Amino acid sequence: MGLDAPGGAAAAMGLVAAGRFSPGAEDIDEAILGLLRGGRVATALQVAHAAHTEWTWLAERHPGSVRSCTILIDLFAKARRPEDAFSVYRLMRARGITPTIVTYNALMNACARSESPLRAFEVLKMLRADAVEGVVPDKFTYGTLIAACARTARAADAFRIAYKMERLGIPRDEAVYAAVMDACGRAGAFTMSLAVFEEMKRNAIFPTSVRHFTILIDACASANASPHHAVRIFREIRSWGLEPGSAAYASLIGALVRAECPESAHAALEDAGRRRVAVGEEGYAAVVAGWCRAGNVEKAFGGVIAMAEKGFCPSRALLTGIFDAAVRTLQYDEALKCLRVMQKYLGYASPPLYITLIHRCAHLHLRLAVETAEHALLFLKPHMQKPLLPSFLVLRASAPAAPPVAPDLARRAKQAHRRLVANLKEGAGDGEGPARVRAVDPAPPALPAAGSGRRRGRVREVKAVEAVKA
């Protein structure tokens with residue numbers, strides 16, 4: 001069984017723990033390399049950790065070569081653990097191991113991927129200070145520096161490094177051009193990003209992946225350029241014999257939403273579905289947010305239904321956005337519906353949302369205000385009900401003064417206030433509050449953290465859809 005097979009790494013580590021196999025330094029290197037090629041960074045970290053904490057016969061002599069050190073630095077770079085990468089570098093220098101340019105490039109990559117990407121320039125200073133014979137910056141060195149500039153939107157520095165590569169006669173490949181384009185895009189310079197792309201094509205370097213087009217679409221969104229540019233760039237992908245994937249669709253949807261074109265974004269989402277391109281939770285959430293911004297609460301709820309059918313859990317922030325859109329457009333019944341969806345799908349709605357809706361509806365929409373208050377009493381825990389007291393007082397005071405109001409609504413408003421006061425008194429007595437029996441939805445589904453994006457069981461999906469449609 002290979003390490004890249006399901007359960008292969010666990011089985012191999014079990015053999016080592018049982019004393020049936022004693023790996024050497026080369027075995028560890030090959031294992032980590034194989035796992036990194038398969039994108040299994042977490043498993044590679046487990047192997048590296050075991051090699052230096054549990055396998056005592058190996059810990060003192062690994063890493064013992066420049067290859068082993070470079071592999072470990074590359075591992076920590078992909079794991080976004082730059083401090084560990086620097087620790088390996090210091091260890092190799094202490095052991096008298098001479099780094100190569102690949103080692104320095106891996107260390108720069110660790111910095112470029114971190115929260116402080118400009119530390120990559122410190123590695124360049126280290127390279128020059130070490131003055132190792134035969135170690136000179138190559139195209140990967142400069143490409144990594146440009147990528148660090150892109151992460152911090154330093155387009156001028158990215159161009160400066162690119163021109164230096166040209167002066168030194170170092171060829172610029174697709175990755176270098178993509179990094180420069182990304183730096184321009186993040187700086188809001190869409191036209192410059194597009195000009196770099198055109199220069200790349202004039203130099204007979206043609207795109208072999210959709211990465212450059214995705215960067216251009218993102219740049220279009222960052223610069224608030226016309227959405228027609230984003231659509232044109234997206235259509236150009238297929239003219240190069242490429243097929244847009246989930247990243248390209250997500251960038252297009254984001255650009256269209258940012259340009260306040262929710263209908264076009266929705267059409268792009270449907271096109272991805274017809275072509276069986278899996279658009280992640282972010283794509284659906286972006287469309288819902290676009291409908292909210294446009295004030296179309298009905299379409300926003302439709303987007304939530306689509307998310308639920310795909311097995312995605314809408315985040316609390318997303319549902320709060322729908323609530324705010326409903327209140328802003330005076331669709332108070334839809335706002336109450338949103339609170340019910342939050343309770344059913346996320347467990348509870350925040351007290352400030354109840355307060356907002358009760359205050360908005362207390363005078364002209366008393367029925368909705370009373371139903372909101374009753375819903376809060378039913379589903380909020382006692383310690384979360386205390387902030388509602390002023391709102392309930394407003395509700396009780398406004399009930400008799402509301403234009404012709406049914407007697408039962410005034411009675412329900414007073415009962416809600418009395419129940420809240422009783423809950424707060426009992427809660428102050430024992431610190432927990434009364435044990436309340438839920439009359440509706442006695443056992444809301446235990447859902448994961450909002451925004452996790454993992455797929456659920458079919459039964460849970462059906463419940464979520466029904467909650468939205470209710």
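Author: Arg67 is partly exposed, with a relative accessibility of 38%; buried means under 20% relative accessible area, exposed over 50%, and partly exposed in between, with a 1.4 Å probe and protein chains only. The model is predicted, so local features need pLDDT of at least 70 and side-chain atom pairs count only at pLDDT 80 or more, while totals for chains, interfaces and linings use all residues. Residues are numbered from 1 along each chain as its sequence is written, and side-chain values use heavy atoms, with hydrogens and water left out.

The partner of Arg67 is Glu30: the two form a salt bridge whose closest N and O atoms are 2.6 Å apart. A salt bridge is a side-chain nitrogen of Lys or Arg within 4 Å of a carboxyl oxygen of Asp or Glu. Because Glu30 lies in helix α2 (residues 25–37) and Arg67 in helix α5 (residues 66–78), the pair ties together parts that are 37 residues apart in sequence. Helices (H or I, at least four residues) are DSSP runs, as are strands (E, at least two), and they are numbered from the N terminus. Glu30 also counts as partly exposed, at 42% relative accessibility.

This contact is one of 20 salt bridges found in the whole structure. Another joins Arg81 to Asp84, with 2.7 Å between the closest N and O atoms; Arg81 is partly exposed at 34%, and Asp84 is partly exposed at 27%. In a further pair, Lys201 and Glu236, the closest N and O atoms are 3.5 Å apart. That pair links distant parts of the chain, with Lys201 in helix α12 (residues 190–202) and Glu236 in helix α14 (residues 227–239), 35 residues apart. Lys201 is buried, with a relative accessible area of 17%. Salt bridges also link Arg238, Glu243, Asp271, Arg274 and Arg275 in a network.

The largest pocket has a volume of about 750 Å³. Of its 25 lining residues, the closest to the centre are Asn109, Arg113, Gly143, Thr144 and Ala147. The elements giving two or more residues to this lining are α5, α7 (101–112), α9 (139–151), α11 (174–186) and α13 (211–222), and α9 gives the most, with 7 residues. On a 1 Å grid over the protein atoms alone, a pocket is an open set of points where a 1.4 Å probe fits, with protein on both sides within 12 Å along at least five of seven lines; lining residues have an atom within 4 Å of a point. Grid points are joined across faces, edges and corners, and the volume is the space filled by probe spheres set on the points.

Helix α13 also carries an aromatic contact. Among the 6 aromatic pairs found, Phe197 and Phe213 have ring centres 5.4 Å apart and planes at 70 degrees, so this pair is edge-to-face. Phe197 lies in helix α12 and Phe213 in helix α13, so the pair ties together parts 16 residues apart in sequence. Rings of Phe, Tyr and Trp (its six-membered ring) pair if their centres lie within 6.5 Å; planes under 30 degrees apart count as stacked, over 60 as edge-to-face and the rest as tilted. Phe197 is buried at 1% relative accessibility, and Phe213 is buried at 0%.
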